[in-house]
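Hi everyone, thanks for coming. Let me put the structure up on the screen, and then we can walk through it together.

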Amino acid sequence: MPANILDGKSLARQIRSELREEVIDFIENNVTIPTLAAVLVGDDPASEVYVRNKRRDCEEVGIGSQLHKLPAETTQEELLALIGKLNKDDAVHGILVQLPVPEQIDTDRVLEAISPAKDVDAFHPQNVGRLVQNRPVYLPCTPHGCVQLLKRNNIETSGKHVVVVGRSDIVGKPLSVMLAQRGADATVTLCHSRTADLPSVTRLADILVVAIGRPNFITADMVKPGATVIDVGINRTDDGLVGDVDFAAVSEVAGHITPVPGGVGPLTRVMLLVNTLNAARRLVTSY
Ligand code: NDP
């Protein structure tokens, strides 16, 4: 029987409508519009699209957004100066610097310069450390999106074996930490490009999460029958956007599967809005 599709698009729509109510409530009670400042350096077309979408999402739920567009030749000092200004600006609650930044700029220094209180991407070392200690202020957007997809589709993680393929700082590593925490209670295996005999590991997964950036890499023989498969990958190919999972073949084996597009991506976007509202709550009220 083909797998049940985990529809990220409609779940994101539902969360946005919940958020819209919360934002209205917040504005009424605090006479302040939660506001996200997006910083875009250079003119990478993909980054421009990402930022445009993020601003559109903000608008849809009533969150304010600012765009700070800097030329590609911006120096590190100029970018740090802008971040310093946004850190101090009481009208700004969340700051995101769209990555990647041009090569003359040190990404780590930029991410560390963002005030942890306004770090709605949750990339600052302080927020990463808090996540590891299971007392997060903000959760990173893509891993949080994956967790919400599981939770809101009633897919149990407690006692399950989760295999995460890909150990990046923005997806695989934080997700593996989140699912191993008390509360989620999964047994987690984190795989990467040096994992020996990867198929023998992925076949053990009750829940398989793949975030590697290799089109259609996970084939049906790598998946345990009935497993839940979360495909984080977004790959631009001649056939359009595809994930890291061979969707057609794996759907025949898996119990649940996310499509690409329309799976994790929409949840990632909505989690940025969740973090921005939380940032405003923390900065404006004693929440
Ligand atoms: P990175 O390139 O930062 O990391 C890729 C990871 O995959 C690395 O840990 C790498 O291992 C591992 N890897 C690569 N090849 C293999 C292989 N053959 N076998 C096992 N592991 C492998 O990627 P990101 O985490 O930033 O992104 C991953 C994918 O997710 C991309 O397609 C990206 O576009 C997408 N993405 C989607 C988002 C969404 O909202 N849906 C958000 C963010 C990313 P090693 O460490 O050993 O090099």
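Sorted by class, the shell around the ligand holds ten nonpolar, ten polar and two charged residues. In that sorting, Ala, Val, Leu, Ile, Met, Phe, Trp, Tyr, Cys and Pro are nonpolar, Asp, Glu, Lys and Arg are charged, and the others, Gly among them, are polar. Please keep in mind that this is a predicted model, where local features need pLDDT of at least 70 and side-chain atom pairs count only at pLDDT 80 or more, while totals for chains, interfaces and linings use all residues. Residues are numbered from 1 along each chain as its sequence is written, and side-chain values use heavy atoms, with hydrogens and water left out.

So who is in that shell? The ligand is surrounded by 22 residues, and R167, S168, S193, I234 and T268 are the closest; to be near, a residue needs a heavy atom within 4 Å of the molecule. Helix 10, residues 264-284, gives the most to this shell, with three residues. Helices here are DSSP runs of H or I with at least four residues, strands are runs of E with at least two, and both are numbered from the N terminus.

The side chain of T268 has an N or O atom 2.7 Å from an oxygen atom of the ligand. A nitrogen atom of the ligand lies 3.2 Å from a backbone N or O atom of V232, and a ligand nitrogen is 3.4 Å from an N or O atom in the side chain of R214.

Where does the ligand sit? It is in the largest pocket, and sitting there means that more than half of its atoms lie within 2 Å of the pocket's grid points. That pocket contains about 1400 Å³ of space, a volume filled by probe spheres set on grid points joined across faces, edges and corners. A pocket is an open set of points on a 1 Å grid over the protein atoms alone, where a 1.4 Å probe fits, with protein on both sides within 12 Å along at least five of seven lines; lining residues have an atom within 4 Å of a point.

Its lining has 46 residues, with Y50, T142, I234, G265 and T268 nearest the centre. Helix 2 gives the most to the lining, with seven residues.

One last stop, the backbone. Most peptide bonds are trans. Here, the bond from L99 to P100 is cis, with omega near 0°, and so is the one from V260 to P261.

How values were computed
Polar contact = N/O pair within 3.5 Å; in protein donor to acceptor, adjacent residues only side chain to side chain.
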